[in-house]
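Subject: Structure handover

Hello,

Here is the structure for you to look through. My notes follow below it.

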Amino acid sequence: MEGTDLFFYLFSALVILSGLMVVSARNPVHAVMFLIFAFINAAGIFLLLGAEFLAMTLVIVYVGAVAVLFLFVVMMLDIDFAEMRAGYMKYFPIGALIGFAVLAELIALFGAWKTKSGLNVVKAPMDPELAALTNTEALGRVLFTEYVFYFEAVGIILLTAMIGAIILTHRKNDRARRQNIADQVARTPEMSIEIRKVETGKGI
Amino acid sequence: MIDFFWSSIWPWIIWTPVLKTIQSLAILVPLLIMVAYIIYADRKIWAAVQLRRGPNVVGPWGLLQSFADMAKFLFKEPIIPSGSNKVLFLLAPLITAFVTLAVWAVVPVGAGWPADEGTSWVVANINVGILYVLAISSLEVYGIIIGGWASNSKYPFLSALRSAGQMISYEVSIGFVIVTVLLCVGSLNLTDIVMAQKSGLADWLGVPWLTVLNWFWLPLFPMFIVFFISALAETNRPPFDLPEAESELVAGFMVEYSSSLYMLFMLGEYLAITFMCAIITILFLGGWLPPMDVWFLNWVPGVIWFLLKVWVVFFMFAMVKAFVPRYRYDQLMRLGWKVFLPLSLFMVVAVASVLHFFDMAP
């Protein structure tokens, strides 16, 4: 056992524990907090694997952006514990069924997992050698040469999803009063202030 | 098993933490003392602009004011609102302070020895340094949202949402500005980013001794300004201090906080400001490199140059606070999404094209 193994067991234990807490926490905000904790520990496991780029991206994307949105939504909820527990027994059988189905599928999948013998021979030699590159560079080289069309397709799908979400939720409201920045910038003191000489004791 | 423990794990498990602790203390203790004087400088500069004296009672010229404030905060009673979520309420300032301290692990503050080997004074010289910075700074928003929510009061909560929206908006343009710098460097390592500014524009202009022109502030000029303004917004500094607009909103998401918890928030805020000054120094002002290739300037240690540059950038932060009026929230959002985002996106494409077609990519 090496020193890094200790950290592997620490991180993986914490991922599993916080994963359990995500589904069992009563308060949804706490659940999201445990989800964030799970992400950070998963990033730690990536670091141990030497995949530092993935580790950092996991934190930036999932913790820095996705989980913030989760928190935004969850914090807006008006949490009523009694109401949340009302349908518990009704939904329990369906939930348990789905859980067992997924578990069975996973067991079947990993039980039947076989690596083709002699696969290492088939594998093409890396050019340039992976060990000589940093993680980021190696990923970039593959992503922007061999997989560039897939990469761009993913980008376009995300863009479409974003535009779709905006179009679906955006309601044009003619009565809303909007700021016209150009008007505001173009405004000069002369347009809004008139300086008059007023005689003392008279008023305008 | 015991032999194995002594031979392999023992040195690793003892020496790495000890070494890293010493290195971390070597950067954090001077940093915290510097932050105390950054706060003092902030107040003094602001006072000087408004023809006031500023803090001048505690110690000679008020130099001990920040320490007196700290003692005051520590000895006050921390009040935890009865309706608050106690764990998260206590956790929020801790997250803010922890995150803003942790990000300093990758900041190179001085030249290594020997100077040209790509080494530097830094706790962790990791090759994804700038990603680490982005990852850790993206955690800063949690201190704010959690603090606002856990207070169980609508004013901190609304203010936390505003603040979070502001921070997320400006992180986008900050990210793109960093990408333009990275395109010119070809590495994510902060030490490499500084080293890449050793040569460049000054050589082409035929004045190789004027190394100040090599730094990225000039070749990437609009990005320097965009980054500076985004840094102001990202750290909730005036003119973008909407979440805590002192004259209107008391203290924003920190309304329910008092004593040492409030101090941790304030410490985190000023640490983040100092960090932004440091990252501007590294990305655009050549880190620890001297401004001119003259023997007596080269002789000055790199740390001194680094600190001088950080202080100059902070002086700009303080001056902006003193004489720029506060933005409205819609103006802030417009600036971030409709001005900076397109501009920085365009610059990413432009810089990449120039580097590619003139064959200058590193």
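Which residue with a positive phi follows H4(B)? That residue is Asn152(B), with phi near 55°. Helices here are DSSP runs of H or I with at least four residues, strands runs of E with at least two, numbered from the N terminus.

This is a predicted model, in which local features need pLDDT of at least 70 and side-chain atom pairs count only at pLDDT 80 or more, while totals for chains, interfaces and linings use all residues. Residues are numbered from 1 along each chain as its sequence is written, chains are lettered from A and ligands numbered from 1 in the order written, and side-chain values use heavy atoms, without hydrogens and water.

H4(B) is largely enclosed by the rest of the structure, because 21 of its 22 residues are buried (under 20% relative accessible area; exposed is over 50%, partly exposed in between; 1.4 Å probe, protein chains only).

Gly165(B) lies in helix H5 (residues 154-185) of chain B. It counts as buried because its relative accessibility is 17%. Leaving out residues up to four places away in sequence, Gly165(B) touches Phe72(A), Tyr329(B) and Met333(B), where contact means heavy atoms within 4.5 Å. The C-alpha atoms of Gly165(B) and Met333(B) are 8.8 Å apart, although 168 residues separate them along the chain.

The contact between the chains takes 28 residues from chain A and 30 residues from chain B. No salt bridges are found across this interface (a side-chain nitrogen of Lys or Arg within 4 Å of a carboxyl oxygen of Asp or Glu). On the side of chain A that touches chain B, H3(A) gives the most, with 13 residues.

Regards
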